[in-house]
Amino acid sequence: MITCVVIDDDKNIVKVFSDILSLMGLDVLAHGYDGNDAVELYMKYRPEILFTDITMPKYDGFYGIAKIKEFDPNAKIVAVTADVSSETEQRLNEFDIAAVLYKPFDIQRIKQVLTQKCKINLK
């Protein structure tokens with residue numbers, strides 16, 4: 001089973017997104033609510049994929065991605081964001097993340113990202 005961690009400051013999004021991933025056969029190991037949680041939970045669980053929001057108060061997703069990539073340059077990270085600005089897209093490209101999912105997300109797009117970008121076989 002593919003393991004993952006979900007990070008977003010909106011607890012409702014964390015719940016819905018985690019439920020979708022579970023239905024797709026992924027094992028959601030933990031939830032976090034800012035970039036610092038992303039780093040701590042990645043270090044603790046070493047998930048195969050980390051899903052993180054970008055725009056969060058205090059520690060944003062860029063903070064979490066940067067720290068995780070310092071520790072593990074091969075970490076598979078998927079950004080989940082509503083920010084479609086070219087600045088955000090450029091910053092994400094600099095981190096060599098696996099994919100970007102734009103909110104509002106839909107099940108078909110999540111499946112596409114997991115199978116094509118993350119190379120995961122879903123049930």
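**A close look at helix 1**

Guide: Keep in mind that the model is predicted. Helix 1 has 13 residues, and these are residues 11-23. From its first C-alpha to its last, helix 1 reaches 18 Å, close to the 18 Å expected at 1.5 Å a residue.

Buried in helix 1 are Val 14, Phe 17, Ser 18, Ile 20 and Leu 21. Because these residues cover an arc of only 160° around the axis, they sit on the same side of helix 1. There is a general rule to remember here: an α-helix has 3.6 residues a turn, so residues three or four places apart point the same way.

What do the buried residues of helix 1 pack against? The partners are strand 1 (3-7), strand 2 (27-32), strand 3 (49-52), strand 4 (77-81), strand 5 (99-102) and helix 5 (107-117).

Take Ser 18 as one case from the buried side. Its relative accessible area is 4%, and the cut-off for buried is under 20%, so Ser 18 counts as buried. The side chain of Ser 18 makes a polar contact with the side chain of His 31, at 3.0 Å. Leaving out residues up to four places away in sequence, Ser 18 touches Val 6, Ile 13, Val 28 and His 31.

The two ends come next. At the start of helix 1, a side-chain oxygen of Asp 10 comes to within 2.8 Å of the backbone nitrogen of Asn 12. Just after helix 1, Gly 25 has a positive phi of about 100°.

Five strands make up an open sheet, in the order 2-1-3-4-5, with parallel pairing. Strand 2 and strand 5 are the edge strands, each pairing on one side only. From one strand to the next, the twist averages 20°. Within the sheet, strand 1 and strand 3 run parallel and are joined by four bridges. Val 6, one of the residues touched by Ser 18, has Phe 51 in strand 3 as its bridge partner.

Helix 5 is the other helix in the list of partners for helix 1. Its buried residues are Ile 110, Val 113 and Leu 114. They lie on the same side of helix 5, because they cover an arc of only 95° around the axis. The packing is also seen from this end: the buried residues of helix 5 pack against helix 1, strand 3, strand 4 and strand 5. Helix 5 lies across strand 3, strand 4 and strand 5, and runs at about 175° to strand 5. Just after helix 5, Lys 119 takes a positive phi of about 60°.

How values were computed
Residues are numbered from 1 along each chain as its sequence is written. This is a predicted model: local features need pLDDT of at least 70, side-chain atom pairs count only at pLDDT 80 or more; totals for chains, interfaces and linings use all residues. Side-chain values use heavy atoms; hydrogens and water are left out. Helices (H or I, at least four residues) and strands (E, at least two) are DSSP runs, numbered from the N terminus. Buried means under 20% relative accessible area, exposed over 50%, partly exposed in between (1.4 Å probe, protein chains only). A polar contact is a pair of N or O atoms within 3.5 Å; within protein, one must be able to donate a hydrogen and the other to accept it, and residues adjacent in sequence count only if both atoms are side-chain atoms. Contact means heavy atoms within 4.5 Å. The expected span of a helix is 1.5 Å times one less than its number of residues. The arc is that of the directions from the helix axis to the C-beta atoms. Two strands pair if DSSP finds at least two bridges between them. Axes are lines fitted to C-alpha atoms, for helices over the stretch in contact, and angles run from 0 to 180 degrees between N-to-C directions.
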